[in-house]
Amino acid sequence: VALKILSPKYTSNPSFVERFMSEVRNTAKLEHPNIVTAFHAGMENGIYFLAISYVSGQPIIERLRDGKAMPENESLSIARAIADALNYAWNEFRILHRDIKPGNIMVDKKGIPKLMDMGISKSLDEDTALTMMGMMVGTPYYISPEQAVGAKDIDFRADIYSLGATLYHMVTGIVPYDAGTAMAIITKHLQEPLPDPRNYNSFISD
């Protein structure tokens, strides 16, 4: 297994503990071939831990270093598998991931994509204090506009947007929007049209 541990410096902060336990609750619900499985969680000697299935492979982001693009067919296959996982999480449990990005998708030695890190996921059926209302949750390079403005009524379309931004990165080797600061990147998501990916990879199909 892989063991995730909440840093001791955060355990005195109730919101961080709740966020960690939210990951435990949400991950434990999910049984899907493209989602990392959670086995056990708890607290021992003041240490909060989560045991998840160990994935022998590498995150997609490692293959995108130095602006390298991935083959289109492989990128589409990965995107479809993750879309299927998100479809399952939403339709079965009303769970959003809210941070889809190449760093949260692993591909194991058999070539199977695995969605990781449900740490900021949110179940719409839960009424917890950790709603993140009014706060931006996600990674600026892949964040949906509604997450960027801290909207509280987001749904599965936010994850689809982030998956689309991830697919864009996979087939072009660059992120859809870039700038010197996080806020500048977010502003581009909100205001600018999507740059044509064929500007960066002319071999992309229709």
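Predicted model: local features only at pLDDT ≥ 70, side-chain atom pairs only at ≥ 80, totals over all residues.
## How α2 and α4 pack

Let's start with the helices. Helix α2 covers residues 72-93 and helix α4 covers residues 156-172; their axes come within 10 Å and cross at roughly 165 degrees. Angles over 145 degrees count as roughly antiparallel, so that is the label for α2 and α4. As for handedness, α2 passes α4 in a right-handed crossing.

Who does the touching? On the α2 side, the contact is made by E72, S75, L76, I78, A79, I82, A83, L86 and W90, while α4 brings in F156, D159, L163, L167, M170 and V171. Sorted by class, this contact between α2 and α4 has 12 nonpolar residues, 1 polar residue and 2 charged ones.

## Aromatic pairs

Now for the rings: the structure holds 3 aromatic pairs. In one of them, Y88 and F93 have ring centres 5.8 Å apart and planes at 85 degrees, which makes the pair edge-to-face. Y88 is buried, with a relative accessible area of 19%; the cut-off for buried is under 20%. F93 has 23% relative accessibility, so F93 counts as partly exposed.

Y141 and Y142 form another edge-to-face pair, with 6.3 Å from centre to centre and 75 degrees between the planes. How accessible is Y141, and how accessible is Y142? Y141 comes out at 32% relative accessibility and counts as partly exposed, whereas Y142 is buried, with a relative accessible area of 4%.

Notes. Residues numbered from 1 in each chain as written. Heavy atoms only, no water. Axes fitted to C-alpha atoms, helices over the stretch in contact; angles between N-to-C directions. Helix = DSSP H or I, 4+ residues; strand = E, 2+ residues; numbered from the N terminus. Parallel < 35°, antiparallel > 145°, perpendicular 65-115°, else oblique. Left-handed = near helix turned anticlockwise from the far one by under 90°. Contact = heavy atoms within 4.5 Å. Nonpolar A, V, L, I, M, F, W, Y, C, P; charged D, E, K, R; others polar. Phe/Tyr/Trp six-rings, centres within 6.5 Å; stacked < 30°, edge-to-face > 60°. Buried < 20%, exposed > 50% of the residue type's maximum accessible area, 1.4 Å probe, protein only.
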